[in-house]
Amino acid sequence: MTSPSASYAIRAEKLSRRFGDTLAVQDLDLEVETGRIYGFLGPNGCGKTTTIRMLTGLLQPSAGRVEVLGFNLPDDAEKLRLHIGYMTQKFSLYDDLTIEENLRFIARIYGLNARAQKQRIEELLSIYGLQAKAKQFAGSMSGGQRQRLSLAAATLHKPKLLFLDEPTSAVDPENRREFWEQLFDLSDQGTSILVSTHYMDEAERCHKLAILENGIKRADGSPDELMQQMGSSVVEISSSELRSLKQILIALPEIISAAQLGARLRVLVKDSVGDPVGFLSQQPSVKPEDQLNRVRPSLEDVFVTCTGVRADSGEQP
Amino acid sequence: MNPFVRVGAIAAKELLQLKRDKMTFGMIVMIPLIQLLLFGFAINTNVRHLPVGVVDYSHSGLSRVLIQTISATQVVTFTRHFTNLPEAEQAIASAEVRAVLIIPGDVSQRLVRNPSVGMGSPSASDAETSRPVAQWLVDGSDTIVAGAIKGLRGMPLVELLDKPANRQTPTFEVTLLYNPEQRTVVNIVPGLAAVILTMTMIMFTSAAIVRERERGNMEMLITTPVRPIELMIGKILPYIFIGALQVAIILGLGFLLFNVPLNGSLLQLALATLLFITASLTLGLIISTIAKSQLQSMQMTIFVLLPSILLSGFMFPYEGMPLAAQYIAEALPATHFMRLIRGVVLKDVEIINMAGDMYWLALFTLGGLAVASIRFKKRLD
C-alpha cells in the first residue's frame with residue numbers, strides 16, 4: 001500500500017445507506033487513523049451498526065466512497081476479509097460448540113495449519129482467561145465470557161483492523177474495564193480499532209470519536225477537543241426546589257438542557273450567552289441563596305449539546 | 001489458503017453440531033427403521049377379506065354353496081345378509097360393506113346353463129345361456145377394491161356341481177418376472193428407500209443455511225474468507241454418509257424381514273445412491289437459500305416431498321400419468337432414483353443401461369450447487 005491513505009485505516013466520503021424510505025446513514029465522512037481506537041457514540045438506532053456493516057463489506061452503500069485498509073469497497077470486500085476482524089453486536093459463534101471447538105473452527109476457516117492452530121488457540125485462551133473453560137459450551141457461558149470468546153475469535157487471525165459493535169452491552173462494569181485494557185493492548189500492538197458504544201465512559205477512552213444521531217455525524221474529534229469546542233457552558237445550581245426550577249429553565253431558548261444530579265441541577269447554556277452564571281442568576285426563578293458554579297464539561301454534555309438527547313435514552317432496537 | 005481445508009472445517013463443524021443434536025441424530029436411524037416396518041407390513045395392493053353382504057332371493061341350498069365357494073377365494077368375507085336391495089345399497093354407502101352379491105331367484109336355472117359349468121355346448125347367441133349367475137354391486141370409488149371384485153367375474157364354478165373342470169386355453173400366456181409371487185413389499189421396499197432419502201436429505205439441508213441465519217451465526221460466517229461453494233459442499237458432505245447409512249438400513253432390513261432380494265451389484269447400487277443423495281441435498285440447499293426461516297424451509301420441503309411420493313412411480317405407475325405430470329416427474333430426482341434402485345435391486349440392471357437417469361441426477365447436483373452458490377450472497381442486503 002503506497003497510496004497516501006496508508007496512514008488511514010478507514011476513509012469514507014459521503015457514505016449513505018437507504019432502507020426503503022428511511023436513510024439509515026447520511027453523507028458520512030470518516031477518517032480513522034492507523035493504530036488508533038476510534039469510537040462511534042450514539043443512541044440505539046442511530047446508524048452505528050449499519051455503518052460498521054458497510055465498512056466491513058456486509059452491506060452495499062447506497063452512495064459514497066469507502067476505502068478500508070487501502071481496499072475499495074464493495075469491489076474488494078473479499079480481499080479485505082483476510083485483514084479485518086468483526087465482533088458482532090449479538091453473539092454470533094456457535095452455542096452448541098465448546099470454546100475450543102469454536103476457535104478451532106475459525107482457525108481452520110482462516111487456513112492456519114495444525115501447529116499454528118494449537119499455538120494460537122492456547123495463546124488466545126490464556127490472553128482472555130478462558131483456559132479453564134475451554135471444554136465448556138459457548139451457550140452456557142456468562143455474558144463476559146462470551147464477549148471475551150468473541151474478541152478472541154475476531155482477533156484469531158491477527159487482523160490489522162478490528163470492528164467492535166457495542167462489545168460491552170451485555171457485560172458488567174468490571175468486565176468492561178478489563179475488556180478495554182485488552183483493547184489498549186491490541187492497539188499498542190498496532191491494531192486499528194473501530195468501536196461503537198452508547199456508554200460515555202467508554203467513548204471517553206477512545207483516541208477519537210464521532211457522535212452519530214439519526215444517521216448523521218454531529219461532531220467528531222478527540223474527547224478533549226469535543227469538550228473544548230462544545231458550543232455551550234455548564235453551570236451547576238444547588239437549590240431547594242430543583243424539579244420546578246428545571247421546568248422553568250428548560251422553557252428558555254438559551255438553555256439546551258437541564259438535568260438533575262442528586263441535589264444539583266446541571267444546566268447547559270448556549271455560548272451565545274456571554275456570561276452564563278450572570279444570566280442564570282438574573283432569572284426570577286433562581287433564588288438569591290442558590291449557589292451557581294461553572295463546571296468543566298463532560299462528554300455527556302457534549303453529546304446532549306450535539307443531539308439534544310441523552311445517549312442512553314434511546315429505544316432498544 | 002486451501003479451499004479443501006475450509007470445506008473440511010465446515011463439514012467437521014456440521015458433524016459436531018449434528019452429534020450434539022440428539023433428536024436429529026436419533027431420527028437418522030429411526031425414520032428409515034420405523035417407516036420401513038410400518039409401510040412394509042401395511043401397504044398391500046393384493047386385497048384380501050373385503051367385507052361384503054348378500055341379498056339372497058333364491059333361498060336355496062345352491063345359493064349357500066355359491067356363497068361358500070366365493071368365500072373360499074379369500075377375496076371377500078360375507079359379513080351381512082340383507083333382505084332387500086335398498087337396505088344393501090345403504091350399507092354400501094355407509095361403508096359397512098364394500099360390495100353386495102345379489103343372488104336372483106332363478107339362480108339354479110342360470111347356473112346349469114352357464115358355459116363355465118360346461119353342461120353341453122350351447123351356442124353363444126342363445127340369450128338364455130349367456131346370462132350371468134348372480135350380480136355384484138360394488139363401491140366403485142376405490143379402484144383397487146373394484147378391481148379385486150372384478151377379478152371374481154370369471155371364477156370357475158365347477159366345484160359347485162362336483163364336475164371336472166372345463167379346461168379352456170387362455171388367450172395369452174403371462175410370465176411374471178422379478179416378482180412372480182406378486183408381493184407388494186418387493187416393489188415397496190426399494191421405493192421406500194427413495195422416498196425416505198428424499199425426505200431426510202432435503203429436510204436436513206433445507207434447514208442448513210437458514211439455521212445459521214436464524215441463530216445469528218451468519219453475520220460472523222460471511223465476514224470470514226469462506227467462499228459460498230465451499231460452504232455449500234461442506235454443508236452437504238456429512239449427510240452423504242448419513243444417506244448411505246439410511247439406504248443400508250432400509251435394504252438390509254428389507255432383505256432380512258421381508259425377503260426382498262438384492263439381485264444387483266452393490267457397487268452399482270452405491271453409485272446410483274450417491275448421485276441421488278447429492279441431488280437431494282443440493283435441492284435442500286436451494287430451498288435453504290430461498291427460505292427466510294426454518295418453518296418456511298419445512299413447508300418447501302413438503303412441497304417437494306409430496307410429488308416425489310405421488311408422481312415418482314412409488315405408488316402409481318409413471319406410465320399412467322398424463323404427459324404434463326410425466327414432465328414434472330422427470331424433473332424430480334426421486335423419479336430417476338426410483339427406476340435406478342428398482343432396476344439394480346430387483347432386476348440386476350447394469351446402471352450403464354440406465355445412463356439417462358444417472359446423467360439427470362448428476363446434472364441436477366451440479367446445477368443445484370451452482371444455483372445455491374450463486375443465490376447465496378456474502379452480504380446482508
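This is a predicted model: local features need pLDDT of at least 70, side-chain atom pairs count only at pLDDT 80 or more; totals for chains, interfaces and linings use all residues.
Visitor: In which sense do E1 and E2(B) pair, and over how many bridges?

Guide: Strands of a sheet pair through backbone hydrogen bonds, either parallel or antiparallel. For E1 of chain B and E2(B), the sense is parallel, and the count of bridges is six.

Visitor: Which strands stand at the edges of that sheet in chain B?

Guide: The sheet is an open one with mixed pairing, and its four strands run in the order E2-E1-E3-E4. An edge strand here has a single partner, so one of its sides has no neighbour in the sheet. In chain B that describes E2 (76-82) and E4 (135-138).

Visitor: Which helix lies across E1, E3 and E4 of chain B?

Guide: Look for the helix that runs at about 175° to E4(B). Strand E3, which it also lies across, spans 99-103. The helix covers residues 143-150 of chain B, and its name is H6.

Visitor: How far apart are the end C-alpha atoms of residues 266-288 of chain B?

Guide: UniProt, in an unreviewed entry, lists this stretch of chain B as a transmembrane region, and residues 23-43 are among the others. Residues 23-43 are 95% helix and 0% strand, with end C-alpha atoms 28 Å apart. Residues 266-288 are 100% helix and 0% strand, and their end C-alpha atoms are separated by 32 Å.

Visitor: Which helix gives the largest share of the side of chain A that touches chain B?

Guide: The contact draws 21 residues from chain A and 22 residues from chain B. On the chain A side, the classes come to 10 nonpolar, five polar and six charged residues. Four residues make up the largest share, and they come from residues 99-109 of chain A, helix H3.

Visitor: What distance separates the centres of the two domains of chain A?

Guide: Chain A has 11 helices and 14 strands, and its C-alpha trace spans about 75 × 45 × 35 Å along the principal axes. Domain 1 takes in 4-221, while domain 2 takes in 231-296. Taken over C-alpha atoms, their centres are separated by 40 Å.

Visitor: What percentage of the residues in chain A is buried?

Guide: Chain A counts 317 residues. The buried ones make up 44%.

Key
Residues are numbered from 1 along each chain as its sequence is written. Chains are lettered from A and ligands numbered from 1 in the order in which they are written. Two residues are in contact if their C-beta atoms, placed from the backbone, lie within 7 Å. Helices (H or I, at least four residues) and strands (E, at least two) are DSSP runs, numbered from the N terminus. Ala, Val, Leu, Ile, Met, Phe, Trp, Tyr, Cys and Pro count as nonpolar, Asp, Glu, Lys and Arg as charged, and the others, Gly among them, as polar. UniProt positions are given in the numbering used here, feature names are shortened, and annotations may be inferred rather than shown by experiment. Two strands pair if DSSP finds at least two bridges between them. Axes are lines fitted to C-alpha atoms, for helices over the stretch in contact, and angles run from 0 to 180 degrees between N-to-C directions. Domain bounds come from an automatic or database domain assignment. A residue is buried if 20 or more other C-beta atoms lie within 10 Å of its own, exposed if 12 or fewer, and partly exposed in between; C-beta atoms are placed from the backbone.
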